[in-house]
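Here is a short briefing on one model.

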Amino acid sequence: MEIRVQAIIAHSGYCSRRKAEELIEKGKVKVNDQIIKLGDKAKVTDTITIDEMPISQEKKVWIMLNKPKGYECTSGNVKKRAIDLVQIPERIYTVGRLDKDATGLVLLTNDGDFANKIMHPSKEIPKYYWLLLDREFHDKEKMEKGVRLVDGKVFPKVVSIDKHKIVIKIVEGRKHIVKRMLFKLKYFVKALKRIQIGNLKLDVKEGKWRYLTQKEINQLVQ
Ligand code: URA
């Protein structure tokens, strides 16, 4: 994707868009070593310099996405990637994963420190999942005593139960952990939606996204 160079410069935090336009008009801005003119476009992979100094193109972004079914949380070469639902110039990746057939809250960022903090098990950030099961749920006590899986015990909390539909809270983040845990108790998860991470509640429609506020970012990594 190509965007106007003044927008890239403003995005980087170097200066305002108007100031960037002035710099371009003065001939101070180069893209891949060529002086550019106002209105020229560039890609995030291009090298942009102002007075021969490269700018750091990527400002940091923190995003919540409501992932629809069928999209994968990977930067790899697959047909439908969650990151492609967020059309911004920065190169972002997902923080943790949601299964391809799952929906709901996924965090996206280009801030490695933020991603590491969120993912680190010592943080024990709770995640809330809404689940549709193949039968009525009757195992709250059993589940909350802990469910033993091949890679260790999980200690969920059952937040609410409405026949086949339940909301659970877990702090662990291992692969397919919710489905495996329910399967251990002889339930099949027909639908899984992540509705909350820490205090951050999903509040955008499926397929949509928004930037997090500074307050939300601080709360997640505190
Ligand atoms: N647990 C699962 O089984 N799947 C997910 O996508 C997330 C948690």
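Which residues are around the ligand? In this predicted model, they are Leu98, Asp99, Ala102, Tyr129, His176, Ile177, Val178, Lys179 and Leu192.

**The shell around the ligand**
- Helix α5 spans residues 177-184. This helix gives the most to the shell, with three residues.

**Polar contacts and burial of the ligand**
- His176 places a backbone N or O atom 3.2 Å from an oxygen atom of the ligand.
- Val178 has a backbone N or O atom 3.1 Å from a nitrogen atom of the ligand.
- For Lys179, a polar backbone atom lies 3.0 Å from an oxygen atom of the ligand.
- Taken alone, the ligand exposes 230 Å². The protein buries 96% of that area.

**Gln196**
- Gln196 belongs to strand β15, which covers residues 189-197.
- Is Gln196 buried or exposed? Its relative accessible area is 13%. The cut-off for buried is under 20%, so Gln196 counts as buried.
- The Gln196 side chain reaches the backbone oxygen of Gly198, at 2.8 Å.
- Which residues does Gln196 touch, not counting those up to four places away in sequence? They are Leu105, Pro126, Lys127, Tyr128 and Lys201.

Key. Residues numbered from 1 in each chain as written. Predicted model: local features only at pLDDT ≥ 70, side-chain atom pairs only at ≥ 80, totals over all residues. Heavy atoms only, no water. Helix = DSSP H or I, 4+ residues; strand = E, 2+ residues; numbered from the N terminus. Buried < 20%, exposed > 50% of the residue type's maximum accessible area, 1.4 Å probe, protein only. Polar contact = N/O pair within 3.5 Å; in protein donor to acceptor, adjacent residues only side chain to side chain. Contact = heavy atoms within 4.5 Å. Near = heavy atom within 4 Å. Areas by Shrake-Rupley, 256 points an atom, 1.4 Å probe, with all protein chains shown as cover.
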